[in-house]
Amino acid sequence: MKLTVEGLNSHYGPAHILFDIGFEVGEGEVVALLGRNGAGKSTTFRSIVGLVAQRSGRIMFEGKDVTARPTHEIVRGGLGYVPEERRIFTDLTVEENLAVGRQPKRANAPYWTREKLFALFPNLSEMRNRPGGRMSGGEQQMLTIARTLMGNPTLVLLDEPSEGLSPKIVEQMVDAILTMKKEGVSIVVSEQNLHFARLISDRAYIIERGRICFGGTMAELDARPDIRDAHLSL
Amino acid sequence: MAFYVVQFLTGLASAASLFLVASGLSIIFGVTRIVNFAHGAFYMIGAYIAFTLTDRFAGAFGFWGGIVAAALTVALIGVLVEMVLLRRIYHAPELFQLLATFGLTLMVEDLVVLIWGPDDLLGRRAPGFKGAVDFFGQNIPSYDLFLIVLGPVVLGILWLLFQRTRWGVLVRAATQDRDMVSALGVNQKWLFTSVFAVGVFLAALGGALQIPRDAVHHAMDLRIIVEVFVVVVIGGLGSIVGAFVAAVLVSELNAFGILIFPKISIILVFLVMAAVLIVRPWGLFGRPEAPARKTPGLTVNPWRPLTSNERLAALAALVVAAMLPLLAGNYALTVGSEIAIFVIFAVSLHFLMSVGGLASFGHAAYFGLGAYGVAFLAKMAGLPMIVCLLVGPLLGCLGAAVFGFFAVQLSGVYFAMLTLAFAQIVWSIAFQWVSVTGGDNGILGIWPEKWAASPSHFYWLALGVAAIVTVALRIAVFSPFGYALRATRDSALRSEAIGINAKRIQWTAFVIAGTTAGIGGALFAYLKGSVFPDNLGISLSVDALVMVLLGGVETVSGAVVGAIVYKALNIWLVSQTDLSKLVLGGFIVLIVVVFPKGIVGMLEMLAQRRRNASPPGSALLAKPIESAE
């Protein structure tokens, strides 16, 4: 397994957010983490990369227990994280944003150069010296993914990549994710949009109120409209 | 004309060092979010070490090498401080960080006296820049010209460092979003350490470069840090260009202020700072801060008024305290009066800090103003004591109303820096305006009238006033005004959204706290029979902060307990050792690192644990302390 999460519990102060979260991601797989707003998707990702201080459980990445490692070591090990809020450095130019993400070449992962990323996201190549604060939401979303890919991750946690984007940009996003998959990057993508998830994912987990309540292939999920309606539709 | 040009150039030369120190402070703040109070101390150590090195090694190489080596040595000390101390408190509230670095400053002040002695040291002149340049009959030291060139050169180097190196890009990224930087695989720890090293290097270089111009002495840290605070408030914290522009502005104002108001030149800087704050509260080149991080008080268990048993216990404690004259001698009673006065001072700061969430680093200004108010009334107008005691604190009220108006426009560290700068300005006026305040000699001979003259009578007076003030402020905490104030502390935005005028509430709290401190000051003037500029000095402001912290910033009764314990300890300590600053500084650092909840906070926590573990009623531990109210 690429990534195994077992018995993950997280707290913000006195509030208990995640309850015994567990899921697995195989080598080269795209796994969707589905759930409504506030279900705990982002907290799950933040907990995996160590940005939530109060957490317990076990996180195995490429066979190593990384639970107790600090964030930067987890990421340097090849586990990339793309936050939901994008968190572009607004004062830095596109190229400088990419430079922050740069990590050395990794043997078991595709090697991303700036030029390769500009080919993946052509919009970005036209604004290399533009400050991140003067970009549209879709451009920022591309930049935040490109920035994480600069670290040559073997697995990427993608938090709601389609949120708030126009249909045209969403299409580009689907292409980009499929390209990443083809290059051999494993991906966990959190989504509210089942349609989007279906286009890219092999398997899916559903999270509701901080608990995993379903796990299976996309076909298995389609066979259970009751689950879909209970946990995903509005 | 030539004279004014020379004056202008002198100002520019002074700006160089100020810029170095201020830019260092700004860089460190940008990334670590710590306002490094110890920056002035690093500046001072830089000067001392440079003095020693340039003194020992001859020649041009010895001089310039010594300057650079001094700055590097201090940077190394900075790295040590960062790794041992600051790493432990990055997640603490801002107030604790300011206090910890202030504790360091105190320790350094005693240490440099231990190592280099108390006398001013005159450094070597810079080889190659010993002479002066003739400018239309006016002399300009050539070293000043060197400094004038150096300032922009350093600015340029810093610009290249931040724009053209990966390290600079990482630092700029971390200034905006530290967590994201580490989520991209960058080791924050070393980034912080390296940033701290660069910032300290700049401060120490600023100090080292001063030795051909000024004597090296053990009070230069506070002088520079106050100017630096003014510079970063004007220029905008976190902006290097802002630091440069503001350093030039402040230095020029100082250079020309001497010509306009020779006695109180600092007024001019103050006026400019006030003007900038009204127009751009975040400084000329700064940007509006995101809502402040955790303020002290946020983790409080909801406060509750005392139960009737606790009220009885508090009353009993007061009665016991009032019986002291039956047991103790005159010295103990004088100490008792002083402690009672400091209880007033501490509860006034506690009201502002814990209830209002506004940590003032210059609260002594209002204490001292109250004392000076009494002195003016008693000595100049010859009014009776009762009138003086009632009217004198109004000077503190007035000062708080004026300065508070500006201060509450800001929050968090800006608020702390601004209040410190205001206090320092008041101190300078008291120190420099000799014809009115007597300057360093103070105003003497303010003795209480007959009815309050005996130590026991004065003690009862002080104790009574302290009790009234404490009860009054406590009532205010649980009044609608207190609720509104606590709401602005916990979330200014949300409280404005329900119709509270946050700024006005905070301003009112500032005035209440200032007036109360003034009452303490008024009594203090009669206790000591004199007033001095030290009555509004920084060290007194910090005493108050430590009292509140020691008692527990998140508790209602902490200030009272903290004041009693701290003052008693302090009086004892001063009688025991010459190195009181060293001990006190170490003590502050210790509280911040291991004991952040204070005495009452600790006891409450223990009581809470016992209450959870065993049936109610066994929480006896908390009572003796709570009853001190």
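Guide: The dialogue that follows takes up domains, a core, a helix, backbone angles, a loop and a chain contact in turn. Please keep in mind that this is a predicted model.

Visitor: Let us begin with the domains. Which domains does the assignment give for chain B?

Guide: The assignment for chain B lists domain 1 (2-218) and domain 2 (322-578). Their C-alpha centres are 34 Å apart. Where they meet, six residues of domain 1 of chain B are in contact with nine residues of domain 2 of chain B. On the domain 1 side of chain B, the residues that touch domain 2 are five nonpolar, no polar and one charged.

Visitor: Which residues touch the most other members of the largest nonpolar core?

Guide: That core has 283 residues, and those touching the most other members are Ala204(B), Val231(B), Ala247(B), Val343(B), Ala346(B) and Val374(B). The core lies between domain 1 (2-218) and domain 2 (322-578) of chain B, because both give residues to it.

Visitor: Taking one of these, what is Ala247(B) in contact with, leaving aside its neighbours within four places in sequence?

Guide: With those neighbours set aside, Ala247(B) is in contact with Ala15(B), Leu18(B), Phe19(B), Ala22(B) and Val231(B).

Visitor: Let us turn to a helix. How is H1 of chain B to be read in terms of its span?

Guide: One compares the span from the first C-alpha to the last with the value expected at 1.5 Å a residue. Helix H1 (residues 2-32) of chain B has 31 residues and reaches 45 Å, close to the expected 45 Å. After H1(B) comes Arg33(B), with a positive phi near 65°.

Visitor: Is Arg86(A) buried or exposed? And how does Arg87(A) count?

Guide: Arg86(A) counts as buried because it has 23 C-beta neighbours inside 10 Å, the threshold for burial being 20 or more. Arg87(A) has 19 such neighbours inside 10 Å, and therefore counts as partly exposed.

Visitor: Where does Pro448(B) lie, and what is it in contact with?

Guide: Pro448(B) is in the loop between strand E3 (443-444) and helix H20 (450-453) of chain B. With 20 other C-beta atoms within 10 Å, Pro448(B) is buried. Leaving aside neighbours within four places in sequence, Pro448(B) is in contact with Met385(B), Ala453(B), Phe458(B) and Tyr526(B). The C-alpha atoms of Pro448(B) and Pro384(B) are separated by 9.2 Å, while these residues are 64 residues apart along the chain.

Visitor: Finally, how many residues does the contact take from chain A and from chain B?

Guide: The contact takes 20 residues from chain A and 17 residues from chain B. On the side of chain A that touches chain B, helix H2 (71-76) and helix H3 (94-101) each supply at least two residues. By class, that side of chain A has nine nonpolar, six polar and five charged residues.

Definitions and conventions
Residues numbered from 1 in each chain as written. Chains lettered and ligands numbered in written order. Predicted model: local features only at pLDDT ≥ 70, side-chain atom pairs only at ≥ 80, totals over all residues. Core = buried A, V, L, I, M, F, W, Y, C linked by C-beta atoms within 7 Å. Buried ≥ 20, exposed ≤ 12 C-beta atoms within 10 Å, placed from the backbone. Domains from an automatic or database assignment. Contact = placed C-beta atoms within 7 Å. Helix = DSSP H or I, 4+ residues; strand = E, 2+ residues; numbered from the N terminus. Expected span 1.5 Å × (residues − 1). Nonpolar A, V, L, I, M, F, W, Y, C, P; charged D, E, K, R; others polar.
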